[in-house]
Structures are given as C-alpha cells and as structure tokens.
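This report is intended for a reader who is meeting the structure for the first time. The sequence and the model are shown below, followed by notes arranged by topic.

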Amino acid sequence: MSAARNRKSPLAALAERELSGDMTEAELASGRERLLFAAVRERALPSRTAKRPARGRSMVMLLAAALGVLALWLVLPGSPVARSSGGMVNPMVASLGRGFGGPPITFAMATEASALRGEDFIETASADAALAFSDGSRVVFGATSRGRVADRAVNGARIVLSQGSVDLDIVHREGTSWRVEAGPHVVRVTGTAFQVRYEPDKNIFEVRMRSGSVVVAGPGAPNGVTVGGGQVIAADDRGGYRVGDGSASAAQPAVAEPTAANAPSAGASAAASVATEESWSARVSRGDYRGVLDDAKARGVSSVIASAPLADLVALADAARYMKAPAVAREALEAQRKRFSDTTAGRTATFLLGRIAEDSDGNAARALELYDAYLAHGGPFASEALGRKMVIVQRTKGDAAARPIAGAYLESFPKGAYASIARDLVAAE
Amino acid sequence: MHKSPELASVVRLPVRATRRPALEPHELLAGILAGDQLAQGALWDAYAPLLRGVLRRSLGPSSEVDDTLQEVFLTFFRVAQNLRDPGALRPFLIGIAMRMARGELRKRRLRRWFLLSDDGSVPEVATGDDADAREAVRRLYAILDDLDTESRLAFVLRQIEGLELEEVATALGLSLATTKRRLAKVIPIVDARVRADALLAPYAHAPGPGADARPAMLGPRLVTPEGTR
C-alpha cells in the first residue's frame, strides 16, 4: 500500500474497517493447517499437479499422509471408512486434524453427494442431504437449503444455516459442544434432537425440539433462552423470541418469553395491534424508511415514543435518521436512552444523539458531552465516538488540546477510521 | 461432488500449529518452490490477512471468502515458478486474488440468474455491531454490484485498497492506459451515486482538518488518477 495513500476517505476507511481481513491467531492457525493439508493432498493427486514435477519431498509427504490415513482408519471407531459399511453411499472425509486436544470429528455425506459444494458447503435441491459425523451425530439439511459445516472440533461442530432447514440429532458425550448459527441467531447444543428453520427473506427463525434442550441466543435475547423437548421457539417480529409447545404453530406460540427487546414495553396493546404486520425492523432492513416514518406519524409519534418496544424505537430512529428527520430521530433516541438506559441500545442512543448534535444541530458542546457519556460505558461505537471527539476538540480548541485524545485513540484503535488524523496530530507535536 | 477414494482417505497431516517465522520474499519463494511446508505456512501467515481483506472488499459484505482465500494460496503454489522477481510477491498474490475474485463475481452473476439469493452471493454472518456502518457498506457495495466486474475491481483496488495505478494494472492484467481510462470512467459514476445517497453522502468528504476538503470520495486523485501520483 502506498504511503501516499495513507489518508483515505471516511467511506474507504469504513469499508476497510467493516470488511477487514484481520484474522485471530486461531483463525490463522486453522486456515494454515487447512492450506497445508490441501497442498499435500494436491500433490497426492497427479491430475491437479501436472505443472509441477514430482519431488522427493512430495513422496515423503504422501507417505506421511498415507500413514495418517491408515492410523485414522484403525483408531477412529466412527471413521467414515468404518461407517461406510453401515450404508453410506459416498463416504467423504473432511477432517483437518486441527489438534485441539485430538483430531476434530469428521463427517461424510450419507445421501446424495451432489449437495456438497466445495468441501464444507451444502446446497440441496429437491432432496435432503444427510451428513453423518464420526461421533455418531447426524445432521440433515432439508430440501432447498443452504449452509455449511463452518468449523469442526474434537467435541462438536459449528453448522451455519443460510437458508432452509436443518435437522440435528446430536449424540451427547462429556464436553459435547455444537452450535447452529442462522443469521443473527445461535443455537447452543450439548446433546439433543431438534430442527432449525431459517428463512431470512420471510423473517422466519424457529427451533423445534424433539428431545433434550438447547439455548437459543440472538439480538432479542443475548443471554439466551433455554428450550426443551417438545417446545418450539420462534423469533417474533419485534426482535425477541416466543416459546410455545410443539402442538402450537410456531407462528402462534403459546408462551411469551420476556427478552430485553420486549419486556419493558408499556404499550402492549399498541404492540399487539401490529403483531401480524411486518415489523419496523424488517422494513428498515429492506430500506422502507419512509414507510416506517409515515407509519409512526399516522399512529402519532408521541404515542409511539411513549409506548413502543425497544425494537420499534430503534427502527424508528434509524428510519428517521436515514430520512433526514432529526427531530423524530432525536425523540426516538431520547426515549431509548431514558426507557432502556441499561441496554446496549440505550447506550448506543447516547452516541447517536451525539452525532445528531454534531451533524444536524452543529452543537459541538452537546456532542462532546454525549460522546463522553457514551465513552464512559464503552461499546461498539467507542472508536467513532473517540475519533469524533478528537476532531471536535481539534476544531474548537486546537491541536494541542486534541493531541492527548489522538494518543489515546491510537493506543486503543490503531487501525481505526480516524487513525490517520490522530497520527498527523501526534506527529505534528 | 464426487471424489475419489484416494482423495477421501487423505486425512492427517504432520502440520505444526504454531505461527511460522517471518521470512523474506526470496526465502519464501525458494522454500515454496522446494515444496517446503515451513515456507508455505509462513507465506500464509504473512499474506492471509492482507489477501482476505482484499477479497472481502472486492466481493462485498455478504461474501464468504475463506474458500477463495485458500484457493489463492494453492494456485500460487502451482504457479510460483512463474514469479521471477521475489520482490513482486505481493502484487503477484494480489493478481491471483483478483483472478479468483473475478471468477467469483461472474459465478455470482450466474447464480443471480438462478435466484439463489438477491445479489447472487452466499450470505455470511454479519460483521461489526455498527448498524449504520453496515448499512453504509451494504449501500456502497450495492452501487459496486451495478458495475461490470473489471470496473468494480479496478475501483476497489484503487479507491479502497489504495494501490498505485501500476499495481492496479498488474493485479488486473491490464495496461496502464486501460486502467487509467477505466478508472476515469468509473470513479465519477460511483462518486455521483455515493453523493446521491443520503446515508453515504456524509462519507464522501475527506476527513478532518488538513485533509483535502474536496467533495470527492478519496480526495483529488479520485477524478484525475493519473495526475496525482
């Protein structure tokens, strides 16, 4: 990267931050081992290494790999080879030997292999695709589903469901740890049988339990909701979850589960009146800002502000900000701050009010006050709050006053969007 | 996807879980040409985050890039003998990544035909917690999705990655003149659409005092790329 290009626009810096290539040590190690495994495998296959002459070292590696196969074949009771005699049509091993206290579990396609796209991606057409894992667990992706086996460890796997349904029958052992991720929802599993359905386009997420229990966590319940055998949990259209028994339709669950998103609502009747409509959050997600704003005005902004649940307040504030309606945005955010002060959303409202004070009102003093209030608790916008504070102080009080903030910024966010400004300030000393 | 029993049976690998020591480009290249795992691992450690970022920013926020990233490195292992100058390792790798990104974008366009998803991408878990930022990035890439593949990649490499013009040209396998022409055409298009978007427009200004205050996405080089080097 050129030094001349150090100062990027906020938009380029934003893209760089949001789409960073940063990897944790674990991700780096996992990717490295996957790569080296694939490199060895390629060498073992003449058709894909035609451009490279065979080398002595390749033979050694091939021999080592073959010995590894033999060892796994003999040692693992649930190895795909062993299990293939149990009726698998097309056994396929996907173990990487990551070394987290032993080799990770492996899996094999137990039905049509055409559903496997790449090593770990599953995409089904009209038929189910069953994966048989070496620990005895079974994962079946339903028809017209997409997902992947995102990670495997010695005691479980991480399944990502992008679309459709997945049925899991997890064999419980000591320390078993499986996860199913569907959009923002996470299902933590220790040993149970259940089905997850996820239709992001229709805003549907539900888990149907057959036995055992799982913990479902997501934006509406960051600490998780435990559901047991026979129950159904579904994401409601207001950002939380509802739990019902298996006999009830998941769309009409019998029991309301209090969550941070809906518990404090004082406007139950107003909320009930829109329960069957598309949620404001969903409408904001698809860009219908004007519709949400118009809806709020039709109902009476004051009434909404006073009684709407948190999810609606957040959606209304977003819609108002995107539609350049700062007065409504400010009201919604102030309500978030006041009514939900102990939640992340309540604290985030403080930061967003600071932005409105800075950008729309030109009130630098008020913006600084709000940024400081937000920074006192911290949160996902800490980088931006501190960066904005630095710029305001530089503008209003000069470089010398802003320099300590720049130093603090660089210490906390060396790759942040305001790092180049902070570096310039520090360097100019 | 059917695989041969031989392939399916290769399971274990004598790999080390620790980070590889940093090696100079010529050491990396020599080691990789010799099939040395130490060098392969060190290459991954040195370039995986960079290339992962380049791929993510080329393909957009809803893309899964880790498989593509692996393929970049495997491709490099296959063609490393074509790299004569070890000093050109980084642009060589970026060039491979761009070829992979180009292929992925084309596949995505095909997938769009089959309506696998709205934008043809494979949905990925959301990134940070900043909803505004996510929305802004989503909108930026919605704009980029409307560009042809070559223009999109040129734009990303130049305006977001900040590569020099020669580096952009090398990575995309284009002449310098073609690269300049392409950028001169696409940058104003993107810039205009960014400004027309209520959420993106505030990002179109260069940051803070001391920066170029011109209302262009990346300052003065945006509209006259060849005149700013």
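## A buried arginine in chain A

A:Arg32 belongs to helix H2 of chain A, which covers residues 25-44. In this predicted model, A:Arg32 has a relative accessible area of 1%, and it is classed as buried because that value is under 20%. The side chain of A:Arg32 also reaches across to the other chain: a polar contact of 3.0 Å links it to the side chain of B:Asp45.

## A buried serine in chain A

A:Ser162 is found in strand E7 of chain A, made up of residues 156-169. Its relative accessibility is 10%, so A:Ser162 likewise counts as buried. A:Gly183 lies 21 residues away from A:Ser162 along the chain, yet the C-alpha atoms of the two are 6.8 Å apart.

Chain B contains 9 helices and 0 strands; in sequence order its pattern is α-α-α-α-α-α-α-α-α. Chain B has 229 residues, and 54% of them count as buried. The accessible surface of chain B amounts to about 9300 Å², with 58% of it supplied by carbon and sulfur atoms.

Contacts across the sequence can be described as well. Among those in chain B that join residues at least 6 apart in sequence, 60% link residues at least 24 apart.

## Helix H6 of chain B

Helix H6 of chain B runs over residues 131-145. Its 15 residues, at 1.5 Å a residue, should span 21 Å, and the end C-alpha atoms are 20 Å apart, which agrees with that expectation.

How enclosed is H6(B) by the rest of the structure? It is largely enclosed, because 11 of its 15 residues are buried. Among these buried residues are B:Ala133, B:Val137, B:Leu140 and B:Leu144, together with B:Asp132, B:Glu135 and B:Arg139.

## Confidence in chain B

The mean pLDDT of chain B is 74, and 69% of its residues score at least 70. Within chain B, confidence is highest in helix H7 (residues 149-160), at a mean of 92, and lowest in helix H1 (residues 5-8), at 29. Residues 1-18 of chain B have a pLDDT below 50, and this stretch makes 49 contacts in the model beyond near neighbours in sequence.

A further stretch, residues 206-229 of chain B, stays under 50 in pLDDT, and the model gives it 65 contacts beyond four places in sequence. Where pLDDT is low, the predicted coordinates should not be read in detail.

Notes:
Residues numbered from 1 in each chain as written. Chains lettered and ligands numbered in written order. Predicted model: local features only at pLDDT ≥ 70, side-chain atom pairs only at ≥ 80, totals over all residues. Heavy atoms only, no water. pLDDT = per-residue confidence, 0-100. Helix = DSSP H or I, 4+ residues; strand = E, 2+ residues; numbered from the N terminus. Contact = heavy atoms within 4.5 Å. Buried < 20%, exposed > 50% of the residue type's maximum accessible area, 1.4 Å probe, protein only. Polar contact = N/O pair within 3.5 Å; in protein donor to acceptor, adjacent residues only side chain to side chain. Expected span 1.5 Å × (residues − 1). Areas by Shrake-Rupley, 256 points an atom, 1.4 Å probe, with all protein chains shown as cover.
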